[in-house]
Amino acid sequence: MDYFGSSGIRGIINEKITPELCMKVGRAVGSENKNIIIGTDPRTTADMVKSAVISGLTASGADVKDAGMVPTPTLAQATNDFDCGVMITASHNPSEYNGIKLWNPDGSSFNTQQMLEVEKRIKDQPDLPTWDKVGYVDKYRHAVDEHVESIKGLIGESLNSKVVLDCANGAGCAVTPFLLRELGCDIITLNSNPDGTFPAHNPEPTESHLKDLQKAVQNTDADIGIAHDGDADRMVAFDENGDFLDGDELLALFAKQFKDSVVVPVNSSMIIEELVDNVIRSKVGDVFVAEEIKKHDARFGGEPSGTWIFPEISYAPDGIYAAAFLIELSESMNLTEETEQLPSYPRKKESVQIQKKKDMMESLKKYYKRTYESERLNFVDGIRIDYENGWALIRASGTEPKIRITSEAKDDDHLDEIFVESKKNLLDIKEDI
Ligand code: MG
């Protein structure tokens with residue numbers, strides 16, 4: 001695909017993301033969908049992108065409801081009453097980026113096939129209708145209330161935790177502080193005024209960006225710390241001691257609550273297999289996790305990046321529902337003890353420079369098929385091979401001329417064995433190419 005990545009169209013403003021491209025996307029979407037809802041995160045370029053997209057949408061005959069600044073999961077859920085949702089966001093990327101992500105009425109983001117169809121129409125630019133078919137724009141003021149009400153319906157209003165919340169000056173500001181208060185929590189907010197320059201910290205919710213939140217949890221004697229990325233589709237947390245609950249720990253903690261069927265990407269920890277009866281491994285990327293959840297009617301799916309999908313609320317990653325769910329969980333168990341009980345396995349990652357990575361992966365796949373039992377292999381995204389005490393994943397980088405080997409094992413000896421074997425296979429094939 002020329003324009004779309006796995007998270008929609010994203011890039012630096014006035015380089016990749018120009019008003020011309022945004023208008024073309026509007027025309028491509030508006031030619032096939034007549035009732036559209038649109039929303040933005042608080043980026044300083046939101047108005048430019050939104051105006052251009054709306055221009056293309058309305059010119060193509062679509063009517064548009066503008067939900068204003070809302071989190072991505074809020075917009076995704078509101079799409080329920082429309083043909084299509086358009087979210088203007090670059091998620092956790094820095095201020096100079098913006099992007100466009102498209103949503104289906106069931107709250108799932110556009111899948112690969114749908115993105116390919118939109119790409120085709122971006123290039124073809126379907127004919128415009130006559131002047132009297134041009135659509136109109138109106139405000140839509142219910143998206144936040146609808147999202148808050150549906151979360152309240154699932155969680156109730158009897159939480160009583162003391163929570164420090166860091167919205168990263170992102171779109172989460174519009175929902176999470178109000179929601180958590182209504183659920184019964186005592187809230188201390190950090191960076192919870194929207195500001196598209198992200199003055200407090202980079203909006204990617206990694207531990208190193210969240211030092212203020214960690215200190216605030218420790219200094220205020222709070223029960224938990226919660227952080228979102230720029231559009232609040234992600235959520236990460238600190239426990240009552242101010243210890244970071246990393247993506248793999250949260251993934252395991254959530255997966256444990258939905259024991260019967262869970263979807264995780266091929267690169268996440270084997271801990272999940274020990275906790276869940278039926279683990280479905282998807283391609284890496286939240287779009288693919290959501291696709292598999294739908295296909296298998298699974299009850300939960302997620303990625304260690306802080307992306308959590310609970311189909312009981314929506315097929316969109318929802319950092320806001322995840323926050324409420326985690327706080328509820330923390331009131332029924334001690335999160336510190338729970339995460340300390342989880343096994344922790346060593347991991348190793350390495351990249352090998354390879355120019356012809358596509359040919360290389362094809363040859364390597366043939367080699368693995370010839371050499372190993374098929375039950376041990378998974379080709380959903382690269383090559384994943386299971387061993388008795390661990391696994392390895394060999395996968396081409398999406399953006400660089402590199403192939404990555406990732407492995408995890410129960411102890412360092414097995415890790416070395418698995419890693420060395422995988423790397424040898426890769427280098428042997430490289431010789432032949
Ligand atoms: Mg995001």
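Q: Donors are N, O and S atoms within 2.8 Å of the metal (3.2 Å for Na, K and Ca), and sites may look incomplete, as water is not among the atoms. What spacing do the donors of the magnesium ion follow along the chain?
A: This is a predicted model in which local features need pLDDT of at least 70 and side-chain atom pairs count only at pLDDT 80 or more, while totals for chains, interfaces and linings use all residues. Residues are numbered from 1 along each chain as its sequence is written, and side-chain values use heavy atoms, without hydrogens and water. Ser91 (OG), Asp229 (OD), Asp231 (OD) and Asp233 (OD) lie 2.0 to 2.1 Å from the magnesium ion. The spacing of its donors is S-x137-D-x1-D-x1-D.

Q: How many residues apart are serine 91 and aspartate 231?
A: Strands are DSSP runs (E, at least two residues) and helices likewise (H or I, at least four), numbered from the N terminus. Serine 91 is in the loop between strands S5 and S6, and aspartate 231 in the loop between strands S10 and S11. The pair links distant parts of the chain, the separation being 140 residues.

Q: Is aspartate 231 buried or exposed?
A: Buried means under 20% relative accessible area, exposed over 50% and partly exposed in between (1.4 Å probe, protein chains only). Serine 91 has 5%. Because its relative accessibility is 2%, aspartate 231 is buried.

Q: Which element gives the most to the lining of the largest pocket?
A: A pocket is an open set of points on a 1 Å grid over the protein atoms alone, where a 1.4 Å probe fits, with protein on both sides within 12 Å along at least five of seven lines; lining residues have an atom within 4 Å of a point. The largest pocket is lined by 47 residues. With 5 residues, the element that gives the most is H13.
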